[in-house]
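Reader: I've got a protein here and a few things to ask. Could you walk me through it?

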Amino acid sequence: MKKKIVILDSNAVIHRSYHALPPFTTAEGVMVNAVYGYAKLLLKVIKDIKPDIVLAAFDVAGGTFRHEQFDDYKANRVAADQDLYDQIPLVQELVKGLDIPVLELAGYEADDIIGTIAEQTHKSKNELVIVTGDMDTMQLVKPGISVYTLRKSINDTIIFDTEAVIAKYQIRPDQV
């Protein structure tokens, strides 16, 4: 039986949620706006897509194999606010509490995990929906693999299949 799988590009969703929402804090002063946004999007995804399986891919702190091969990999990227980084373990606690497997691997980015899952899913003939705010993921779109992303807010989402990628970017997914 064909399965519908959702994989969340967790760091990308956390980043988008953090910047899309005003600063929310707990009574103890802990910033949780990204956690709230992630949870809200996760519930929307489950409602909209009705997946059989949900997975959450995370980046691991530290370098990747790309840093070893290219010293300047992401060298010009500005570090995010510490308030954003502090919410990553809270999101991991949330997804673990919901029995959603956390996928992470030292030396690799969440994108690498997502790409691997996409290839395995495509070969198995199951359906995969990648939830992300990272548009370079469009390169993974093909029959049975789509990208669910935010437009302007947590409530404003769109699903990109092959035709939608072509319509928006005027190129095929494999050309992204």
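Reader: What share of the contacts in the protein with a separation of 6 or more comes from residues 24 or more positions apart?

Author: First, a heads-up: this is a predicted model, where local features need pLDDT of at least 70, side-chain atom pairs count only at pLDDT 80 or more, and totals for chains, interfaces and linings use all residues. Residues are numbered from 1 along each chain as its sequence is written, and side-chain values use heavy atoms, leaving out hydrogens and water. A contact means heavy atoms within 4.5 Å. Among contacts with a separation of 6 or more, the share from residues 24 or more positions apart is 63%.

Reader: In what order do the elements run from the N terminus?

Author: Helices (H or I, at least four residues) and strands (E, at least two) are DSSP runs, numbered from the N terminus. The protein has seven helices and six strands. Their order is β-α-α-β-α-α-α-β-α-β-β-β-α.

Reader: How much of the protein is buried?

Author: Buried means under 20% relative accessible area, with a 1.4 Å probe and protein chains only. Of the 176 residues in the protein, the buried part is 39%.

Reader: Are α2 and α5 roughly parallel or roughly antiparallel?

Author: Axes are lines fitted to C-alpha atoms over the stretch in contact, and angles run from 0 to 180 degrees between N-to-C directions. Helix α2 (residues 33-49) and helix α5 (residues 88-97) pack at about 30°, their axes 9 Å apart. Angles under 35 degrees count as roughly parallel, over 145 as roughly antiparallel. So α2 and α5 are roughly parallel.

Reader: Which residues make that contact?

Author: From α5 come L90, V91, L94 and V95. The α2 side supplies V35, Y38 and A39.

Note on methods
Buried means under 20% relative accessible area, exposed over 50%, partly exposed in between (1.4 Å probe, protein chains only). Angles under 35 degrees count as roughly parallel, over 145 as roughly antiparallel, 65 to 115 as roughly perpendicular and the rest as oblique.
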